[in-house]
Protein chains: 2
Amino acid sequence: MTSTANRTDLVSAVEDRLREVGKTIRRSMLDAMPDGEPSAWLYAPMREYPSRPGKALRPALCLSAGRAFGASSDDMLGIAVAIELLHNAFLVHDDVADGSEMRRGRPTLAATHGLAAALNAGDGIAVVAGQVLRRATRRLDRDLADLVWSEFDTMALRTLEGQATEVGWQIDNVADLGPQDYLELIMHKTCWYTTIHPLRVGAIVGSGGVIALGPLVRFGFHFGAAFQIRDDLLNLVGNERVYGKEILGDLYEGKRTLPLMHLLENARGTDIATVRDYLGRTRAERSPELVAGIRALMDEYGSITFAGEYAEGILLVAEDYFEEAFADAQSGPDLDFLRALVPYVWARWR
Amino acid sequence: MTSTANRTDLVSAVEDRLREVGKTIRRSMLDAMPDGEPSAWLYAPMREYPSRPGKALRPALCLSAGRAFGASSDDMLGIAVAIELLHNAFLVHDDVADGSEMRRGRPTLAATHGLAAALNAGDGIAVVAGQVLRRATRRLDRDLADLVWSEFDTMALRTLEGQATEVGWQIDNVADLGPQDYLELIMHKTCWYTTIHPLRVGAIVGSGGVIALGPLVRFGFHFGAAFQIRDDLLNLVGNERVYGKEILGDLYEGKRTLPLMHLLENARGTDIATVRDYLGRTRAERSPELVAGIRALMDEYGSITFAGEYAEGILLVAEDYFEEAFADAQSGPDLDFLRALVPYVWARWR
């Protein structure tokens, strides 16, 4: 692993790049939004999430992978914007489905405008994402454009499969789950659209569709899984102002995160019944006291330590896959950025 | 207008055609659905609405307009299937937004599977619609394919604008509305995707993008508006088994339909306060007794008669526009079907 001093440099370089990409993408997302009526009930709500600063990891991955494999910035920008717009559409609908209150440090669309307006806004952002992607793929050869579109369709279905499974586990109160189930879930729910898809699309456009995608999928999956576990941990131990969502929100929802699955597998004696009873309740029946109790059991059984160590193990594997995945890429700032992502995620719980 | 005997023949010919198109489109929609996992939580719910018999008006309009302007059935089928899939995606999300209980004679997806699963299913159907449309437009020249895609984007945004306005009127309890506002609403909410879009896309593909679309829009708007008013009336006077949705559901939701707007404008004395108080309530606060009271006022003030007569007037205008819109179309069974649509809608309240 990289030394501590180098790591600090790498992390701040990654954060600078993400901030810079975020600014460009945010401006492009808002430029792509129609300016029509009804503004108050549709187009203004559609602009809310895209105008709140997010991590911009997905477009940054896509831009850098594309350029590292030979594409120009102009080839990639619209595609990266479409990825981030779709991400925003997913967030809007996710917040409706989860009944979440906060997103990126401010109230969710559903909390401010109601369920129906949030639903329409999410659908609207997805339509605009399609418009942007259509303009962006116009400059590509038609077969290559089709390949890019088919990647987007696949990604959208994988993401919905993951979200549907997560909801299904909660509704049917599925308790018989281990880390392997969790990894399969986030492979669909998170990794596909957060890391694998942006990297694949970048490599396809950059290489003209000839690069082997298997190693990229392996790198993207391991890196993305570690990224998601980090997010799950921040929800349990983070600071609400920095994190931007409700702390312990996942626990209130009964989300099957890795620490929760560890607790389910390891709880003993009366704690088993406590955890199972908790999961059997609706969100409204989960009091702050009950949530605090489950959170304390996670410390007692080492569930949070376990998840952190698990993610570190996955990151080591991701680092190994990196060299294979980018063997044919051009050296330069884009490849440097991609290589620095593993220490960047690592640094957040060190 | 056509004589009564002829009208009976026309109506049954239209219904035969709709039934036949419906069967073909339903089969194609289900064929296009992925067969993966999670079946119980995503792919099975996605199949539910598409497998319930619907009116199939939209794909029938698209198929017939396309062929009447010179396209082959193979050119049009995939596009018509995509239109009907998007319609199903809209229905799924609409039912979530409206909290509806019944759709096509059976429980809504949200009622059976919960809000989150319905939300995911609607998103999933929209993705499959895109896949189908992409395959269908592959056989077209690239510029023509782009034109078709841009029609779909426009249609989706117009529809969302209409839905958002309707929800906004309910949430903000906007009461100062007349028939003109209603027509503008359904122009967006219904006509664009029910009649104008299928006709325009058919004409674009059939004519290779050269036909003038203005007259088609005028015909589609008037025909579609009458069709929507008929639907609003059936919700007030229809039979639940035949209609497939809850009778009086629109009243429970406080939907600004034409009869309701007429009542708002015409109520006098204490009835004004009764109607305004009713609209100010939430759905849960609208008891069956209150709903029955508003329904009785509609009879008292002639609101239902007014809406029926209004629709008949619009249909007469639609009939005039028909000849202009289809002046360059080929005669044959497709043109006959399109011409018979006006008497078909007319016949439903005669």
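Modeller: The following dialogue takes up aromatic rings and then the interface between two chains. Please keep in mind that this is a predicted model.

Biologist: How many aromatic pairs does the structure hold over all chains?

Modeller: Over all chains, there are 17 aromatic pairs. One of them joins Phe69(B) and Phe326(B), with 5.7 Å from centre to centre and 25° between the planes.

Biologist: How is such a pair classified from the angle between its planes?

Modeller: Planes under 30 degrees apart count as stacked, over 60 as edge-to-face, and the rest as tilted. The pair of Phe69(B) and Phe326(B) is therefore stacked.

Biologist: Which parts of chain B does this pair tie together?

Modeller: Phe69(B) lies in the loop between α3 (57-68) and α4 (73-98), and Phe326(B) lies in the loop between α15 (303-325) and α16 (333-339), so the pair links parts that are 257 residues apart in sequence. Are these two residues buried or exposed?

Biologist: Phe69(B) and Phe326(B) are both buried. What kind of pair do Phe223(B) and Phe227(B) form?

Modeller: Their ring centres are 6.4 Å apart and their planes stand at 45°, so this pair is tilted. Both residues belong to helix α9 (residues 214-237) of chain B, where they are four residues apart, about one turn of the helix. Phe223(B) and Phe227(B) are also both buried.

Biologist: Which residues form an aromatic cluster in chain A?

Modeller: One cluster is made up of Phe69(A), Phe219(A), Phe223(A), Phe227(A), Phe322(A) and Phe326(A).

Biologist: Where does the charged end of Arg58(A) sit?

Modeller: It sits over the ring of Tyr193(A), 4.8 Å from the ring centre. In chain B, Arg286(B) lies over the face of Tyr278(B), at 5.0 Å from the centre of that ring.

Biologist: Let us turn to the interface. How is the size of an interface often given?

Modeller: It is often expressed as the accessible area that is lost when the parts come together. Here, about 3700 Å² is buried between chain A and chain B, and carbon and sulfur atoms give 61% of that area. In terms of residues, 44 of chain A are in contact with 44 of chain B.

Biologist: How many salt bridges are counted between chain A and chain B?

Modeller: The count is six. Among them is the salt bridge in which the side chains of Arg138(A) and Asp143(B) meet, at 2.8 Å from N to O. The interface also has 16 residue pairs in polar contact.

Biologist: Which elements of chain A give two or more residues to the side that touches chain B?

Modeller: They are α2 (39-51), α4 (73-98), α6 (115-137) and α7 (142-171) of chain A. The most comes from α7(A), with 18 residues.

Technical notes. Residues are numbered from 1 along each chain as its sequence is written. Chains are lettered from A and ligands numbered from 1 in the order in which they are written. This is a predicted model: local features need pLDDT of at least 70, side-chain atom pairs count only at pLDDT 80 or more; totals for chains, interfaces and linings use all residues. Side-chain values use heavy atoms; hydrogens and water are left out. Rings of Phe, Tyr and Trp (its six-membered ring) pair if their centres lie within 6.5 Å; planes under 30 degrees apart count as stacked, over 60 as edge-to-face and the rest as tilted. Buried means under 20% relative accessible area, exposed over 50%, partly exposed in between (1.4 Å probe, protein chains only). A charge sits over a ring if NZ of Lys or CZ of Arg is within 6 Å of the ring centre and within 35 degrees of the ring normal. Contact means heavy atoms within 4.5 Å. Buried area is the accessible area (1.4 Å probe) that two parts lose on being put together, summed over both. A salt bridge is a side-chain nitrogen of Lys or Arg within 4 Å of a carboxyl oxygen of Asp or Glu. A polar contact is a pair of N or O atoms within 3.5 Å; within protein, one must be able to donate a hydrogen and the other to accept it, and residues adjacent in sequence count only if both atoms are side-chain atoms.
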